[in-house]
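Me: I am new to this structure and would like a close look at one part of it, the place where the two chains meet. Please take me through that part slowly, and then through what lies around it.

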Amino acid sequence: MISSIKVLAMEESGIVRLKIIIPHQNESGTRKDEQGVVIPAYFVREGSVTLNGAPLLDIELGPSVSKDPFLQFRFPGKKGDALKVAFLDNQNALFSAEAVVL
Amino acid sequence: MRRRQFIVTGAVSSACFLSMSPLNLFGAWSAKDFQQCPIEQAFMAALGTSAPVNSDQITIVAPPAAEDSSLVPVQVISSLKSEALYLFAEKNVTPLIFKCTLQGNVIPWFSLNIKMKESSALYAVVRSGGTYFMTSVHVEIVAQAC
């Protein structure tokens, strides 16, 4: 299953500001529901970003990231650069998107 | 003749490699680093040291008093030349929250929203030239949401 994520990258004086939003429940696995039953862990746990095909970031996430993970990064780049962003959750669902630096 | 053969084989194998790349993008998520344990043990597992060197060249921007424990905005900035960045919350069940390897010229800067179990220290660790440096701030949880 491939789900969509939101990626926005904007260049300003040579620096690209990258914003990634992954719509995801991100359950830590330590919370209980009203009946006191533990809600199973379900969270985004790894990701990668490439810039014009070259690896840029390798990301690993723990269960303590907020719901709908919102990540931001900065790196040198220019308008028109191609970004590929992909994330996997702990049930191996793939979230990916491609974006062009604005 | 041999050389042509080599080029063809090379091209085919690199094509195979490229077609596999969506899955190759992912290194194995290290369950060892993200274990449920006390902070010292989490440092040891993820960094191989329980006492990174304190540094004033790393800054954590986080609210001193967070109103929503399920959404604490955190920003980490470093002026060290960094190969990897880490974020830990001392009293979370799983202390390691975020781990990122930087390639190329990525700026040692990141921002994300985290969940905190209770008021505790946040540690940002940077690997620079093979050495681990860290800084910490205390975040007070005012209202419990999770």
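Reply: The contact between the chains takes 29 residues from chain A and 33 residues from chain B, where two residues are in contact if their C-beta atoms, placed from the backbone, lie within 7 Å. On the side of chain A that touches chain B, the elements that give two or more residues are strand 4 (44–51), strand 5 (54–61), strand 6 (70–76) and strand 7 (82–89) of chain A; helices (H or I, at least four residues) and strands (E, at least two) are DSSP runs, numbered from the N terminus. Strand 5 of chain A brings the largest share of that side, eight residues. Sorted by class, the side of chain A that touches chain B holds 16 nonpolar, seven polar and six charged residues, with Ala, Val, Leu, Ile, Met, Phe, Trp, Tyr, Cys and Pro counted as nonpolar, Asp, Glu, Lys and Arg as charged, and the others, Gly among them, as polar.

Before going further, a word on the model and its numbering. This is a predicted model, in which local features need pLDDT of at least 70 and side-chain atom pairs count only at pLDDT 80 or more, while totals for chains, interfaces and linings use all residues. Residues are numbered from 1 along each chain as its sequence is written, and chains are lettered from A and ligands numbered from 1 in the order in which they are written.

The meeting of the chains also involves strand pairing, for strand 5 of chain A and strand 6 of chain B pair in the antiparallel sense over five bridges; two strands pair if DSSP finds at least two bridges between them. Within this pairing, A:L57 has B:L102 in strand 6 of chain B as its bridge partner. In general, strands of a sheet pair through backbone hydrogen bonds, either parallel or antiparallel.

Both chains also contribute to an open sheet of six strands, which has the order 2(A)-3(A)-6(A)-7(B)-4(B)-2(B) and antiparallel pairing. Strand 2 of chain A and strand 2 (58–61) of chain B stand at its edges, each with a single partner strand, so one side of each is left without a neighbour in the sheet. From one strand to the next the twist averages 15°, taken between axes that are lines fitted to C-alpha atoms, for helices over the stretch in contact, with angles that run from 0 to 180 degrees between N-to-C directions.

At the chain A end of that order, strand 2 (residues 6–12) and strand 3 (residues 15–21) of chain A pair in the antiparallel sense over seven bridges, and A:M10 stands opposite A:R17 in strand 3 of chain A. These two strands form a hairpin with two residues between them, and A:S13 in the turn has a positive phi of about 40°. Strand 3 of chain A also pairs with strand 6 of chain A, in the antiparallel sense and over seven bridges, with A:I15 opposite A:P76 in strand 6 of chain A.

Chain A as a whole has zero helices and eight strands. Of its 102 residues, 38% count as buried, a residue being buried if 20 or more other C-beta atoms lie within 10 Å of its own, exposed if 12 or fewer, and partly exposed in between, with C-beta atoms placed from the backbone.

Two loop residues of chain A deserve a look. Most residues other than glycine have a negative phi, and most peptide bonds are trans. A:N26, in the loop between strand 3 and strand 4 of chain A, has a positive phi near 50° and counts as buried because it has 23 C-beta neighbours inside 10 Å. A:N52, in the loop between strand 4 and strand 5 of chain A, has a positive phi of about 50° although it is not a glycine, but A:N52 is exposed, with 12 other C-beta atoms within 10 Å.

Turning to chain B, helix 2 (residues 39–47) has B:A42, B:F43, B:A46 and B:L47 buried. They cover an arc of only 100° around the axis, which puts them on the same side of helix 2 of chain B; the arc is that of the directions from the helix axis to the C-beta atoms. The buried residues of this helix pack against strand 5 (84–89), strand 6 (96–102), strand 8 (120–128) and strand 9 (131–141) of chain B. Strand 6 of chain B is also the strand that pairs with strand 5 of chain A.
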